[in-house]
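Subject: Model for your files

Hello,

Here is the structure I said I would pass on.

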Amino acid sequence: MYGDIVILSGAGISAESGIPTFRDSDGLWNNHRIEDVATIEAYERHPEQVHDFYNGLKIDLQKARPNPAHLAITELQNGYRNGTVSVVTQNVDLLHEKAGNRNIYHIHGQIDQAVCMNCGRITDARGEVTTETLCAGCGMAATLKPNIVFFGENLLRMNEVDALLDKCRLLIAVGTSGAVYPANTFARIARYHGADTIEFNLHATVNSYDFDRHVIGRAGETFPRFIKELLAES
């Protein structure tokens, strides 16, 4: 039986809750150039435009509700007795939290937070943020940036994630494209340290060779079945 488990989630798990992936033809970047809304240069040139994009995205994401795949993680965390179950997510939405998941590591940031470019304080930003919003730490305006990892920025909480990958005995990827570095190396790293690896996706991914097992289909259907089988064996 496995010890610690790491679940790596990507846009595919949220797509079943009605959130389009970034790369689909109707995705979140549709009608927006990445260079205009997801780079530090864009934020520095046109902060109002960047805030408008994420304020609108925030409204859409707050309406979304977790699906059976998210809820299956809570079932696993509540019933698993052989180690810890951690969630490393590339998603900025809060569907894992809404589903009651614990031990969540947002490596690409969170839509409900802002970070001050002056003092570094991370603050709650569930409401609208503009260039006039004051930082709760230093009191300055025009310094708050969405706490989203822009292209070219370092991922968040990576020291903790590295430690999880070293220790885990099972890595499960759910809805990841395998196209984004460095998350597309996590299965390989975990496997190097002796973990079994399983991917759940609608189709094979570009790094499917890093996984011992491949489960093709809707995660909301296939993943809960797997969790029930895993708990029955534990």
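Predicted model: local features only at pLDDT ≥ 70, side-chain atom pairs only at ≥ 80, totals over all residues.

Residues are numbered from 1 along each chain as its sequence is written, and side-chain values use heavy atoms, with hydrogens and water left out.

Cores. A nonpolar core here is a set of buried Ala, Val, Leu, Ile, Met, Phe, Trp, Tyr and Cys residues joined through side-chain atoms within 4.5 Å; buried means under 20% relative accessible area, with a 1.4 Å probe and protein chains only. The largest one has 23 residues, and I5, I7, L76, I172 and F223 have the most contacts inside it. At least two residues each come from β1 (5-9), α5 (68-79), β2 (85-89), β7 (170-174), β8 and α9. Helix α9 gives the largest share, six residues. Helices (H or I, at least four residues) and strands (E, at least two) are DSSP runs, numbered from the N terminus. Beyond its neighbours within four places in sequence, L76 is in contact (heavy atoms within 4.5 Å) with I5, I7, V85, I227, L230 and L231.

Rings. There are four aromatic pairs. Rings of Phe, Tyr and Trp (its six-membered ring) pair if their centres lie within 6.5 Å; planes under 30 degrees apart count as stacked, over 60 as edge-to-face and the rest as tilted. F200 and F223 make an edge-to-face pair, 5.2 Å centre to centre with 80° between the planes. F200 belongs to strand β8 (residues 196-201) and F223 to helix α9 (residues 219-233), 23 residues apart. Elsewhere, ring pairs join F53, Y54 and F150 into a cluster.

Helix α4. This helix (residues 47-63) has 17 residues and reaches 25 Å from first C-alpha to last, close to the 24 Å expected at 1.5 Å a residue, taken as 1.5 Å times one less than the number of residues. Its buried residues include F53, Y54, L57 and L61. The buried residues of α4 pack against α2 (34-37), α3 (40-45), α6 (95-98), β4 and β6 (144-148).

Strand β4. Q113 sits in β4 (residues 109-116). Its C-alpha is 5.3 Å from that of N147, 34 residues apart in sequence.

Regards

Methods: Buried < 20%, exposed > 50% of the residue type's maximum accessible area, 1.4 Å probe, protein only.
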